[in-house]
Amino acid sequence: MTTTTIERHECAAPAGFGRRKVSPRACIIDGKPHLRTFLADTLEELRFVTSECGGVEELSQRILAQQPDMLVVGASVGGVEAARILDVAGDAGFRGSVMLISARESIALRGILHHGLERGLTMLPPLTTPFSAQMLRESLAPLLPQEPPPRPQVDVAEALKTGWLELWYQRKLDARSLIPCGAEALVRMRHPNWGVVVPSAFLPDRNDPHFRALSEFVVARAIADWRYLLDHHGPVDLSINLPVDFLLDAQAVEDLCAWIPTHPAFGGLIVEINAAEAANHIDAMIDAARRLRLHNVAISIDKVGADWPELMHRAAFPFVELKVDRAYVTGCADDRLKRTVCRRIVDLAADYGARCTATGIESRSDYVAAHEIGFDLVQGYLFGKPMGLKKFARAATTKSLGTLE
């Protein structure tokens, strides 16, 4: 019997979670911690709230306490124990769905599916290993609530007060060796009803009185996260994004300098500012960069594009980095105009003694083009999406990705 046959005859039709207004919850049951971690990371990207069980002994309490919508039974769980898990779930009044992960299709797998159906449980089509994170996403996507993004914007003051905000990290890599060279911090909101919310749904207007508080949160959290990474991974050079208005505020700059760690492993903090905003206040930003670098803080100019000539012919250029707008990097392998703009910005950075970073690299061809143009650093989905702090700390960021070359 094929897997397709199993799905057709033995699995109840997926009964989605409905139009829930909270994130769905999943409990992962597997005896191997690294498999539970992989599944938890993938499910959290789908906005699940996850919990973990090492075996059947913990399950009843987890179901009663957390009321999960789905149980994920991992591949290391044997047939007898899997049947016990389904019995415990049924006895505890579990009414959600069950997904089995198996090393292969087998008699035992079919037996577990039948047993679950006999207990009145909703059994989802099983996943056989090896499977990718994308395959898991595709299997579960129909079960997720199809809700529009939150409107109106989520109140930032409430988010700051309740602790919904966090920083996610996307690594930067040396363009030649593909060795990790730090990471950019990106603010996210983990809303209890909407799950992970993108910045466009909650970033306030620059005139909003809470904009300063949000910037202070980013600085403080990045410093705290750096200490976490130091303990769990090793020192990582971090970049954060701040508005130019923050750096125009003398008290804010003084506070920023006071927050910088004095730990000998701290290599410094990079503050990325928008190129268009920087161009409007270029003299003030040059002055700020000069003062901040004495406090182990450097300024990077982000989203540099067609307006790059405005940065030319400066007697002083104390900025550490130019980051080319992703609009000019993505697809530059096949677009002569984009390649020309990228090359001019790379040359400009070199003239000033600054490094140049290509953002938004999503394909191997764009990476090859960026390498040929002469970028110092690269960043983009080809090398990894932004991820939460703990997942970033677990990632093998010290390994080269040289096979992409």
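The model is predicted, so local features need pLDDT of at least 70, side-chain atom pairs count only at pLDDT 80 or more, and totals for chains, interfaces and linings use all residues. Residues are numbered from 1 along each chain as its sequence is written, and side-chain values use heavy atoms, with hydrogens and water left out.

**Overall make-up**

- The chain has 16 helices and 15 strands. Helices (H or I, at least four residues) and strands (E, at least two) are DSSP runs, numbered from the N terminus.
- Buried residues make up 47% of the 405 residues in the chain. Buried means under 20% relative accessible area, exposed over 50%, and partly exposed in between, with a 1.4 Å probe and protein chains only.
- Take the contacts between residues at least 6 apart in sequence: 70% of them join residues at least 24 apart. Contact means heavy atoms within 4.5 Å.

**Nonpolar cores**

- In soluble globular proteins, nonpolar side chains tend to be buried together.
- A nonpolar core is a set of buried Ala, Val, Leu, Ile, Met, Phe, Trp, Tyr and Cys residues joined through side-chain atoms within 4.5 Å.
- The largest nonpolar core holds 79 residues, and Leu 247, Leu 256, Leu 322 and Val 378 touch the most other members.
- Helix 8 (residues 211-232) gives the most to this core, with eight residues.
- Another core, of 22 residues, lies apart from it, and its members include Cys 27, Leu 71, Ile 85 and Leu 109.
- Leu 256 is in contact with Val 219, Phe 246, Leu 247, Leu 269, Val 271, Leu 292 and Val 297, leaving aside its neighbours within four places in sequence.

**Helix 8 and helix 10**

- Two packed helices are described by the angle between their axes and the distance between the axes. Axes are lines fitted to C-alpha atoms, for helices over the stretch in contact, and angles run from 0 to 180 degrees between N-to-C directions.
- Helix 8 packs against helix 10 (residues 250-259) at an angle of about 15°, with the axes 10 Å apart.
- Helix 8 and helix 10 are therefore roughly parallel to each other. Angles under 35 degrees count as roughly parallel, over 145 as roughly antiparallel, 65 to 115 as roughly perpendicular and the rest as oblique.
- The crossing of helix 8 and helix 10 is right-handed. A crossing is right-handed if the near helix is turned clockwise from the far one by less than a right angle, and left-handed if anticlockwise.
- Helix 8 brings Arg 212, Glu 216, Val 219 and Ile 223 to the contact, and helix 10 brings Gln 251, Ala 252, Asp 255, Leu 256 and Trp 259.
- By class, this contact has five nonpolar, one polar and three charged residues. Ala, Val, Leu, Ile, Met, Phe, Trp, Tyr, Cys and Pro count as nonpolar, Asp, Glu, Lys and Arg as charged, and the others, Gly among them, as polar.

**Helix 4 and helix 5**

- Helix 4 (residues 79-91) and helix 5 (residues 107-118) pack at about 15°, with their axes 10 Å apart.
- That angle makes helix 4 roughly parallel to helix 5.
- Helix 4 passes helix 5 in a right-handed crossing.
- Gly 79, Ala 82, Ala 83, Leu 86 and Asp 87 in helix 4 meet Ile 112, His 115 and Gly 116 in helix 5.
- These residues divide into four nonpolar, three polar and one charged.

**Helix 14 and helix 15**

- Helix 14 (residues 336-352) and helix 15 (residues 364-373) pack at an angle of about 40°, and their axes are 10 Å apart.
- That makes helix 14 oblique to helix 15.
- The crossing of helix 14 and helix 15 is right-handed.
- Arg 339, Cys 342, Arg 343 and Val 346 in helix 14 meet Ala 369, Glu 372 and Ile 373 in helix 15.
- Four of the residues in this contact are nonpolar, none is polar and three are charged.

- Trp 226 sits in helix 8. Trp 226 is buried, with a relative accessible area of 2%.
- The C-alpha atoms of Trp 226 and Pro 261 are separated by 9.4 Å, and the two residues are 35 residues apart along the chain.
- Ser 51 is in strand 2 (residues 49-53). At 9% relative accessibility, Ser 51 counts as buried.
- Not counting residues up to four places away in sequence, Ser 51 touches Ala 26, Cys 27, Ile 28, Arg 62 and Gln 66.
- Ala 298 belongs to strand 12 (residues 297-304). Its contacts, not counting residues up to four places away in sequence, are Leu 269, Ile 270, Val 271 and Val 320.
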